[in-house]
Amino acid sequence: MKNKLTLLTLLFAAFAVFSIAEANDELTVEQIVEKANHAAYYLGDDGKSTVEMTITDKQGRERNRRFNILRMNAGGGDGDQKYFVYFQAPSDVRKMVYLVHKNAELDQDDDRWMYLPSLDLVKRIAASDKRTSFVGSDYLYEDVSGRSLEADKHELTKTTEDGYVVKNTPKKPDMVEFSYYNTIIDKKTFLPVKMEFYDKSGELYRTIEALKVEMIKSKKDDKEVEYPTSTESLVKDLKSGSTTRMKFSNVEYNIGLKESIFTERYLRRPPREAMR
């Protein structure tokens, strides 16, 4: 009897997987990129993680950063968000804070602030800086908070057994340094597992890759849920030869963060959720 149940379970599971895959194959490219954007940036109502960042230059010299990220979805749906990044180490950046109010509307820039403890100075970051280096790494400010789906034209160029390949071409090419980028999206989780950026001459010059994905347990409306989460990623600058690796730990979702945390008053006095 047990064998029959096991076989029945396997057959049902196989049918379910086939049905999901079949349903996924009917998705439009707009639905695919919306699901990928949700999986990458909007899981849970809010979230927290600790990040170990290692920046390695062409000569193999390393610099390290450790910081906590708090994130809250604002207004419901996959729209506006708020980010609070608190740096713990090394000593030259300790207590530095990066605050972002992400505005989902294409014609509305994000609001960004940086608190520099050595100068006791709050600095407003210009919107034009969003495609510049994030704290000296190979990540860009826009990588941290995400790029608007409306900023690019999306084209499904390939479907494999495991994923989708979407080509993204900027609608305003003069506003960015790339001509297009490809996103490889996992079919089961819809997480973007690799991004490939091509310069104006069509040469691949930058990649972002998810090296490790874990299922993070949480509760949502008193129900057990699991969120597929990229817990290790790597950026490569193929022109300079530098790389940046980020490892995420202590990942939590739906922790009930207060919106008041994401305000200028907390830049100089970070909340305990950011420091632990």
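Which residues gather in a patch of negative charge on the surface? In this predicted model, the patch brings together Glu30, Glu34, Asp78, Asp80, Glu105, Asp107, Asp109 and Glu150. Aromatic ring pairs are the other topic of this briefing, and their count comes to twelve.

**Negative surface patch**

- Glutamate 105, one of the residues that gather in the patch of negative charge, is placed in the loop between strand 4 (97-102) and strand 5 (111-116).
- Glutamate 105 counts as exposed because its relative accessibility is 54%, where the cut-off for that class is over 50%.

**Aromatic pairs between strands 9 and 10**

- Among the twelve aromatic pairs, tyrosine 180 and tyrosine 198 form one that is stacked, with 4.7 Å centre to centre and 10° between the planes.
- Since tyrosine 180 lies in strand 9 (residues 180-186) and tyrosine 198 in strand 10 (residues 192-198), this pair ties together parts that are 18 residues apart in sequence.
- Tyrosine 198 has a relative accessible area of 15% and is therefore buried, the cut-off being under 20%.
- Tyrosine 181 and phenylalanine 197 also form a stacked aromatic pair, for which the values are 4.9 Å centre to centre and 20° between the planes.
- With tyrosine 181 in strand 9 and phenylalanine 197 in strand 10, this pair ties together parts that are 16 residues apart in sequence.
- Both tyrosine 181 and phenylalanine 197 are buried.

**Aromatic cluster**

- Phe67, Phe87, Tyr98, Phe134 and Tyr141 are linked into a cluster by ring pairs.

Terms used:
Residues are numbered from 1 along each chain as its sequence is written. This is a predicted model: local features need pLDDT of at least 70, side-chain atom pairs count only at pLDDT 80 or more; totals for chains, interfaces and linings use all residues. Side-chain values use heavy atoms; hydrogens and water are left out. Patches are made of residues with over 30% relative accessible area and no salt bridge: like charges are joined within 9 Å, nonpolar side chains (Val, Leu, Ile, Met, Phe, Trp, Tyr) within 5 Å. Accessible areas come from the Shrake-Rupley method with a 1.4 Å probe; for residues, only the protein chains shown count as cover. A salt bridge is a side-chain nitrogen of Lys or Arg within 4 Å of a carboxyl oxygen of Asp or Glu. Lys and Arg count as positive and Asp and Glu as negative; His and the chain ends are not counted. The place of a charge is taken as NZ of Lys, CZ of Arg, CG of Asp or CD of Glu. Helices (H or I, at least four residues) and strands (E, at least two) are DSSP runs, numbered from the N terminus. Buried means under 20% relative accessible area, exposed over 50%, partly exposed in between (1.4 Å probe, protein chains only). Rings of Phe, Tyr and Trp (its six-membered ring) pair if their centres lie within 6.5 Å; planes under 30 degrees apart count as stacked, over 60 as edge-to-face and the rest as tilted.
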